[in-house]
Amino acid sequence: MLKQTEGSRAVAEAIALCRPEVICAYPITPQTHIVEGLGEMVKAGELAGCEFINVESEFAALSVAIGASAAGARTYTATSSQGLLFMAEAVYNAAGLGLPIVMTIGNRAIGAPINIWNDHSDSMSMRDAGWIQLFAETNQEALDLHIQAFRLAEELSCPVMVCMDGFILTHAYDRVDVPAQAEVDAFLPAFEPRQVLDPAEPVTIGAMVGPEAFTEVRYLAHHKQLRALALIPHLSSEFAAKFGRASGGLIRPYRTSDAETIVVALGSVIGTVKEVVDDMRGEGVAIGCVSICSFRPFPLTALREALEHAKRVIVLEKCLAVGLGGIVSDGVRKALSGVMLKGYTVIAGLGGRAITRKSLRQLFEDAGADELEQVTFLDLNADIVASELERETLSRRSGPTAEAILRRLGTVASGIG
Amino acid sequence: MSTHDTPTERPTQRQPVKFYQTGTFTVGNRLLPENVRSVQADMRRTNSLNSGHRACQGCGEALGARYAIDAAMQATRNQLIAVNATGCLEVFSTPYPETSWQIPWIHSLFGNAAAVASGVAAAMRVKGHSDVRVVAQGGDGGTTDIGFGCLSGMFERNDDVLYLCYDNEAYMNTGVQRSSATPPGARTATTPAVGRQPGNEFGTGKNVPAIAMAHRIPYVATASVANLRDLEQKVTTAMAIRGARYIHIHVPCPLGWGSAPADTIRIARLAVESGLFPLYEAHDGQVTARTPIRRRVPVDDYLKLQKRFAHLFANEAGKERIALVQAVADRNIAEFGLLAGDDAHG
């Protein structure tokens with residue numbers, strides 16, 4: 001059924017269609033509307049057979065999810081930013097135990113300085129925790145990916161994060177096609193846990209493991225992700241056949257077959273990138289883009305096939321590996337190991353800074369002329385940086401950095417673009 | 001009764017059997033009707049924490065856990081799931097691929113046992129398995145320190161979980177470091193017996209049973225491995241109640257306390273009899289029963305059996321510190337009315 005609705009509401013409805021049995025909720029912007037929506041459905045009796053638990057922290061949210069999932073319940077939670085970091089120990093634990101929990105990340109920056117707006121620093125920080133990470137490009141895809149996520153998680157017995165850009169997707173009202181319950185039921189069978197806490201068949205879960213077996217257990221976690229490389233496109237195809245639209249998969253190339261310049265990005269920004277690509281294509285520039293949907297497992301082979309014929313690759317990242325540059329770039333570089341082409345890392349959209357068509361256009365033109373630095377910060381205000389660096393030389397006690405910059409900028413949030 | 005048939009000089013006039021004559025049910029148990037005997041005396045006891053684990057000799061935690069979980073198993077007709085915090089109990093019972101647990105058991109993290117248990121309970125509720133009950137268990141570090149947030153959350157939601165804290169008064173698994181349950185004056189690796197005020201600081205620490213009561217949860221109790229029958233009864237009582245329940249069990253640690261393994265029960269009993277570890281039960285936040293002290297002893301008797309307090313006996317300054325420990329015991333005795341004949345208090 002077509003609806004004009006908020007991204008968070010669309011996700012809440014998708015989760016409800018997946019017949020979750022335990023939902024753990026703790027508020028943090030910008031994911032909160034999702035769990036609010038689900039809480040309302042449970043209270044109203046629209047979501048039968050579901051326990052909605054208000055917990056005291058994100059650490060508890062995922063811990064309750066761990067217990068519920070280990071006891072055989074289909075389990076869901078959502079978080080963002082600091083919340084994901086606060087639950088970090090449990091994030092690794094859920095994956096280590098092989099529990100098929102699905103969690104939405106409303107992607108948001110990590111402080112300090114505290115910032116509620118979108119970038120990908122939060123989920124990227126957990127990239128090696130053993131969760132599958134799928135990035136949604138649109139609200140429709142966010143809705144669809146959650147349905148695929150439960151199937152993927154439960155087939156592999158591996159937790160899945162569905163990452164959607166905070167505010168840009170979570171709070172945007174857009175048209176979405178919400179499937180019927182029968183359609184989802186036909187795609188997503190009842191949860192048959194691989195391991196379950198059951199007095200009729202007692203098992204020990206979470207034992208101490210020494211050097212004699214730890215490597216094998218960890219290898220099998222890696223192997224599970226490698227299997228996901230095959231399963232994710234398979235589920236995407238099956239979803240397309242049953243629901244009549246393409247969602248998910250490992251990567252999505254756009255106008256890349258003859259492209260000399262290819263932009264790689266994740267999440268909602270790909271929409272803006274495509275518009276700029278279309279504009280430049282109209283002017284005869286051989287440019288295309290690739291959207292990475294599956295960031296974990298990282299689709300090395302698929303990316304190599306999509307990129308190896310290009311002359312240059314621009315990786316547009318909404319996160320920063322401080323002291324190195326890009327996080328996604330590392331993976332792309334590995335995918336292109338041995339291939340001679342120019343590679344650029346562009347850090348963009350940190351803390352919600354708008355990524356505009358104008359800036360991207362300039363960026364792609366500079367890249368096309370090979371006039372980009374290896375690592376570029378899109379729309380970095382060089383004057384502010386220079387003046388702050390100079391100010392710090394004037395006094396030992398120069399005070400806090402972020403506040404000094406805000407003071408110089410004047411009106412708060414007057415120029416986020 | 002065949003064991004009684006052999007003696008030749010059996011008195012013709014039997015004395016009436018005196019239960020409790022040693023202060024425990026040890027003698028009485030065999031003479032009691034089957035339905036009131038201890039769980040451990042029952043042929044059908046489950047040995048939920050089976051033999052062969054790697055606890056130290058004289059480990060109070062292993063003993064407490066065996067009695068508590070077997071009692072919970074009997075109370076739930078073996079429909080029990082256990083959640084374990086990281087710590088000695090988890091480590092000594094499960095070196096992979098062996099396990100001493102005969103029941104469904106999960107260990108997740110150090111600080112989240114109460115929350116994981118809430119999740120298990122929620123799953124049982126949603127699946128209609130109301131007969132399957134959940135216990136969470138951890139040491140004092142996993143309960144009173146790092147797991148405290150999750151514990152309080154489980155309490156305030158009144159989730160159907162019995163939380164068992166095995167309190168050996170320090171982080172023993174990592175090598176005897178201070179926790180918020182470490183008593184004042186005690187030497188640990190992080191409160192060394194040096195300086196003008198050796199050992200753990202006075203005026204610190206956290207009374208978690210009292211904090212549990214402040215949540216107004218249906219049932220809170222303290223117990224000790226010195227009185228295992230009492231521990232069993234408290235677990236049985238707890239399992240007959242729905243909602244959040246908490247039992248704080250005093251379990252001596254020979255390694256961490258510097259005591260003889262054979263003295264574990266003796267030391268635990270001295271803690272009770274000195275007033276340092278009062279035994280009581282509370283329903284809905286109100287104390288409803290306490291175990292009177294049968295033979296009061298000075299705290300010296302308790303302290304001197306443990307090397308962690310040896311520095312208190314080394315000089316005159318130590319005497320003042322012992323007096324402060326005695327004051328703690330005296331305050332407990334007054335607060336709970338623990339002296340025999342003090343029945344006016346309950």
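B:Lys234 and B:Asp230 sit four residues apart in helix α8 (residues 228–239) of chain B, about one turn of the helix. This is a predicted model.

User: How far apart are the closest N and O atoms of B:Lys234 and B:Asp230?

Analyst: Both residues lie in helix α8 of chain B. B:Lys234 is buried, and B:Asp230 is buried too. The two form a salt bridge, and their closest N and O atoms are apart by 2.8 Å.

User: Which residues are joined into one network by salt bridges that share partners?

Analyst: Side chains of opposite charge can pair when their charged atoms come close. One such pair is A:Arg252 with A:Glu141, the closest N and O atoms being 2.8 Å apart. Salt bridges with shared partners make one network of A:Glu137, A:Glu141, A:Arg252 and A:Lys274.

User: How many residues apart in sequence are the parts that A:Arg252 and A:Glu141 tie together?

Analyst: A:Arg252 is partly exposed at 22% relative accessibility. A:Glu141 is buried, at 4%. A:Arg252 belongs to strand β10 (residues 251–254) of chain A and A:Glu141 to helix α7 (residues 139–156) of chain A, so the parts they tie together are apart in sequence by 111 residues.

User: Is A:Glu388 buried or exposed?

Analyst: A:Glu388 forms a salt bridge with A:Arg391, with 2.9 Å between the closest N and O atoms. They are three residues apart in helix α14 (residues 382–394) of chain A, so about one helical turn separates them. A:Arg391 is partly exposed at 24% relative accessibility. The cut-off for buried is under 20%. A:Glu388 has 6%, so it counts as buried.

User: How many salt bridges does the rule find across the interface of chain B and chain A?

Analyst: Over all chains the count is 39 salt bridges. One pair joins A:Glu51 to B:Arg125, with the closest N and O atoms 2.8 Å apart. Across the interface of chain B and chain A, the number found is three.

User: How much area do chain B and chain A bury between them?

Analyst: The contact takes 37 residues from chain B and 37 residues from chain A. Between the chains there are 13 residue pairs in polar contact. Of the buried area, 66% is on carbon and sulfur atoms, and the total is about 2,700 Å².

User: Which element supplies the largest share of the side of chain B that touches chain A?

Analyst: The side of chain B that touches chain A gets at least two residues from each of β1 (80–84), α3 (88–93), β2 (105–107), α4 (113–126) and α6 (148–156) of chain B. The largest share is 10 residues, and it comes from α4(B).

User: How many nonpolar residues are on the side of chain B that touches chain A?

Analyst: Elements of chain B that supply at least two residues each include α3 and α6. By class, this side has four charged residues, 13 polar and, as nonpolar, 20.

User: Which residue is the bridge partner of A:Ile205 in β2(B)?

Analyst: Strand β9 (residues 204–205) of chain A pairs with β2(B) in the parallel sense, over two bridges. A:Thr204 has B:Trp105 as its bridge partner. For A:Ile205, the partner is B:Ile106.

User: Which are the edge strands of the open sheet of nine strands?

Analyst: The order is β9(A)-β2(B)-β1(B)-β3(B)-β4(B)-β6(B)-β5(B)-β7(B)-β8(B), with mixed pairing. An edge strand pairs on one side only, and here the edge strands are β9 of chain A and β8 (286–290) of chain B.

User: What is the relative accessibility of A:Thr79?

Analyst: A:Thr79 lies in strand β4 (residues 75–79) of chain A. Beyond its neighbours within four places in sequence, its contacts include A:Ile28, A:Leu84, A:Met87 and A:Ile105. A:Thr79 counts as buried, because its relative accessibility is 0%.

User: Where does B:Glu169 lie?

Analyst: B:Glu169 has a positive phi of about 70°, although it is not a glycine. B:Glu169 is buried at 8% relative accessibility. Its place is in chain B, in the loop between β4 and α7 (208–214).

Note on methods: Residues are numbered from 1 along each chain as its sequence is written. Chains are lettered from A and ligands numbered from 1 in the order in which they are written. This is a predicted model: local features need pLDDT of at least 70, side-chain atom pairs count only at pLDDT 80 or more; totals for chains, interfaces and linings use all residues. Side-chain values use heavy atoms; hydrogens and water are left out. Contact means heavy atoms within 4.5 Å. Buried area is the accessible area (1.4 Å probe) that two parts lose on being put together, summed over both. A salt bridge is a side-chain nitrogen of Lys or Arg within 4 Å of a carboxyl oxygen of Asp or Glu. A polar contact is a pair of N or O atoms within 3.5 Å; within protein, one must be able to donate a hydrogen and the other to accept it, and residues adjacent in sequence count only if both atoms are side-chain atoms. Ala, Val, Leu, Ile, Met, Phe, Trp, Tyr, Cys and Pro count as nonpolar, Asp, Glu, Lys and Arg as charged, and the others, Gly among them, as polar. Two strands pair if DSSP finds at least two bridges between them. Buried means under 20% relative accessible area, exposed over 50%, partly exposed in between (1.4 Å probe, protein chains only).
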